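Please read them alongside the sequence and the structure shown here.

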Amino acid sequence: MDEYFKDYARYEFKKAEQARRAAHNNFALNDFDTTVNRAYYAMFHIMTAAMALKSLQYSRHNNLIRAFRKEYIATGKLKKELSGIITKSENMRDQADYRHIEITKEDAAVSLERLDVFYDQVQPLLREIDE
């Protein structure tokens, strides 16, 4: 693999871990909109890192998500449930950031649960970063 993409994957995975921590910390502070936002972006950065390991880079969210689904979910490398998690997390982030719909504590808790499932299933694919 090209060293640029390996470094890019490391960088994106670090960003994913930071966003994941921020999501959990914001939940503890009762900042539910930010919890949902950071949970989605943690997944976004994990997907970006995974695609970088394939020497691919995307500038638009929908292109990244489409490629991630094609590369990892449609091929059976990851469970199909992750596709729904991505969609639900993206929709909830959209509500929190743009639709002015209140995000409840329960909504934020579900968002964190989805993030943790996503992270636990995708993170093993990223072992290649340190090889």
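1. Accessible areas come from the Shrake-Rupley method with a 1.4 Å probe, and for residues only the protein chains shown count as cover. On that basis the accessible surface of the protein is about 7,300 Å², with 46% of this surface belonging to carbon and sulfur atoms.

2. The model is a predicted one, in which local features need pLDDT of at least 70, side-chain atom pairs count only at pLDDT 80 or more, and totals for chains, interfaces and linings use all residues. Residues are numbered from 1 along each chain as its sequence is written, and side-chain values use heavy atoms, with hydrogens and water left out.

3. The protein holds five helices and zero strands (DSSP runs numbered from the N terminus: helices H or I, at least four residues; strands E, at least two). Along its principal axes the C-alpha trace spans about 45 × 25 × 25 Å.

4. Of the 131 residues, 41% are buried (under 20% relative accessible area, 1.4 Å probe, protein chains only).

5. Leaving aside residues up to four places away in sequence, Phe68 touches Met47, Ala50, Met51, Ile73, Leu78, Ile86, Phe118 and Val122 (contact: heavy atoms within 4.5 Å).

Conventions
Buried < 20%, exposed > 50% of the residue type's maximum accessible area, 1.4 Å probe, protein only.
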